[in-house]
Amino acid sequence: MTDLCDRTATELSAGLASGELSAVDLTESCLSRIDAVEDRVKAFLTLTPEVARERAVELDVHRATGAPQSAVAGIPLALKDVLTTRGIRTTCGSRILESYVPPYDCTPWTRLSGEGAVLLGKTNCDEFAMGSSNENSAFGPVHNPWDLDAVPGGSSGGSAAAVAAGEVVWALGTDTGGSVRQPAALCGVVGLKPTYGLVSRYGLIAFASSLDTVGTFTRSVPDAAVLLGAIAGRDPRDATSLDAPPVASDLDRGIAGLRVGVLDGTFGEGVAQGVRDAVRAALDRLDALGAEVGEVSLPHADYALSAYYLIAPSEASSNLARYDGVRYGFRVEGGADSMEMMARTRGQGFGAEVKRRIMLGTYALSAGYYEAYYGQAQKVRTLIIRDYERAFEECDVLVSPTSPTTAFKIGERADDPMAMYLSDVFTIPANLAGVPAISLPCGLDPAGLPVGLQFTGPVLGEQVLFRAAETLERDLGLDLRPPLLSGV
Amino acid sequence: MPVEIDVDRVARLARLELTPEEKERLRLQLGLILEHAAKVGEAAADDVPPTAYAIARANVFRPDVPEPSLTHEAALSNAPEAEEGRFKVPRIVETGS
């Protein structure tokens, strides 16, 4: 038996429209779930129950007047704590922003709020979204609802865990190198990274500006399409934002004849057996559903990780220069002058991974090394974009595992940055090329942990992703309920 | 071979005060990461143009009309120290005695 908070937004929205349930019921259902599990999951950095309750009451009053409401109205939502919310503390999981209260809202929240979404809180994440396990948060790790000793993935681990545990119905995260898709895979939910620019970055506290995207965590593929629809489109406040293409109405037309390219490396040696088996079974289903399943390769994919770990830290070292002890709350006093104050504030305000990437980026951009590292990495980026263009001449969508492994134990990889970086091998190329990708659960491994399958599409090809993913999701018909919830 | 970097110089450029332990750890870790990252040098020939943004946009303009923006008070609201509508910082220039 499931509670309201375990259902999909699409079901709940229909229930709200018919008057069968109220926004207050739904909000209370999520708040009770939070009471029951949050002390073990630790998905949130800030909870906003009062604001949520007030909003839910207003929505029910408004609905009673017969006014039509949006598909996101009344649906409880969480935002990753790198998305600014006016008057609500936004920390980026960092000591240096511990007391930062933004004076403005990010555009995705402005849009959702305008349509009546109910915000339940801000979710934990790796500091400044740098990490693949959520262990880099200054405020402690998030625990995976499928195994409380395991990581939820990262960097948007809190958003993924909150949706998996039924604490909210859906959530926003950000994806710079896989930070939506990988935690979605490890927590058994659907994670979408849209085309670069399709969702405004205004109010997304910058990590790597040419790679950062805002993405969604949902319990179903149709929910992802609805949530994306509510936040997508051009924003005068983000010059890189794009017009949203018209939404196709063929989501449920099946995938007969769809050309699906299986990326080489899908069954490579770094991929865990349990992941291979689940992905292979899903590919068989795609075949049975009439897709033309073939093989495809991105010849320069081997270089993607190297390019990413130069480009992202370089951009980060520049973006994070603004945390100088002058404007954002945290300051370590006692230096002889401004320069010393700044170096001390940053030395004590940032955690180990953030310092590592600032150092890496500063080095890669410094005189004498720029061409060999950053310059070359940007050329590799061109080669990866060309690889995708060629692949999409032969295929409509590409498929691979989302992550080479299922959820790993907290602490297991904490001292080995290279091993941690390798967990992003399937997700990073899409960020370099700006193309959209979606992760959906395709089964469980022998340990009972969810396996994620990733579809990648061409630029602005979200519709084909939704079509492929929804068809597979419906066919697999998985009933994913983390063991944590059997007692509640 | 791991890359050998001058950690003190990079930390100074990055305005980061690091402990001796942090410096030693970073020297080793960055050396290994850069060894891996240097692979980008093998991949791209000279005639490959660099890409800064995957989805290229030309200049994006808007009409030159003032729009509402943050108030002074809001902009300063997170400052550790402010005075007379300005951010306040410790001494920057030496004053002659």
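# Close-up views of a predicted model

**View 1. A:C92 sits in the loop that runs between strand 2 (76–80) and helix 4 of chain A.** Helices here are DSSP runs of H or I with at least four residues, strands are runs of E with at least two, and both are numbered from the N terminus. A:C92 has a positive phi, about 55°, even though it isn't a glycine. For context, most residues other than glycine have a negative phi, and most peptide bonds are trans. Residues are numbered from 1 along each chain as its sequence is written, while chains are lettered from A and ligands numbered from 1 in the order in which they are written. This is a predicted model, so local features need pLDDT of at least 70, side-chain atom pairs count only at pLDDT 80 or more, and totals for chains, interfaces and linings use all residues; side-chain values use heavy atoms, with hydrogens and water left out.

**View 2. The peptide bond from A:G154 to A:S155 is cis.** Its omega is near 5°. A:S155 belongs to the loop between strand 3 (118–123) and helix 5 (157–164) of chain A.

**View 3. Helix 4 (residues 107–114) of chain A packs against helix 7 (residues 221–231) of chain A.** Two packed helices are described by the angle between their axes and the distance between the axes. Here the angle is about 105° and the axes are 8 Å apart. Axes are lines fitted to C-alpha atoms, for helices over the stretch in contact, with angles from 0 to 180 degrees between N-to-C directions. Helix 4 and helix 7 of chain A are therefore roughly perpendicular (65 to 115 degrees; under 35 is roughly parallel, over 145 roughly antiparallel, and the rest oblique). A:P108, A:R111 and A:L112 of helix 4 meet A:L227, A:A230 and A:I231 of helix 7, where contact means heavy atoms within 4.5 Å. By class, that contact has 5 nonpolar residues, no polar ones and 1 charged. Ala, Val, Leu, Ile, Met, Phe, Trp, Tyr, Cys and Pro count as nonpolar, Asp, Glu, Lys and Arg as charged, and the others, Gly among them, as polar.

**View 4. Helix 8 (residues 273–288) and helix 15 (residues 462–476) of chain A pack at about 105°, with their axes 10 Å apart.** That makes helix 8 of chain A roughly perpendicular to helix 15 of chain A. Helix 8 brings A:A282, A:R285 and A:L286 to the contact, and helix 15 brings A:L472, A:D475 and A:L476. The tally is 4 nonpolar, no polar and 2 charged.

**View 5. Helix 2 (residues 23–41) and helix 3 (residues 49–64) of chain A cross at roughly 160°.** Their axes come within 8 Å. Helix 2 of chain A is thus roughly antiparallel to helix 3 of chain A. The residues in contact include A:T27 and A:L31 of helix 2 and A:A52 and A:A56 of helix 3. The contact divides into 8 nonpolar, 1 polar and 3 charged residues.

**View 6. The largest cavity holds about 80 Å³ of space.** Grid points are joined across faces, edges and corners, and a volume is the space filled by probe spheres set on the points. The structure holds 5 cavities of 30 Å³ or more. Of the 14 residues lining the largest cavity, A:G131, A:S132, A:S179, A:Y308 and A:D424 lie nearest its centre. The lining has 5 nonpolar, 7 polar and 2 charged residues.

**View 7. The second largest cavity, about 60 Å³, has lining residues from chain A and chain B.** A:A352, A:K355, A:R356, B:L18, B:E22, B:R25, B:L26 and B:Q29 line the second largest cavity. Helix 2 of chain B gives the most to this lining, with 4 residues. By class, the lining has 3 nonpolar, 1 polar and 4 charged residues. Chain B averages a pLDDT of 91 (the predictor's confidence in each residue, from 0 to 100).

Key:
On a 1 Å grid over the protein atoms alone, a cavity is a set of points where a 1.4 Å probe fits but cannot get out, and a pocket is an open set with protein on both sides within 12 Å along at least five of seven lines; lining residues have an atom within 4 Å of a point.
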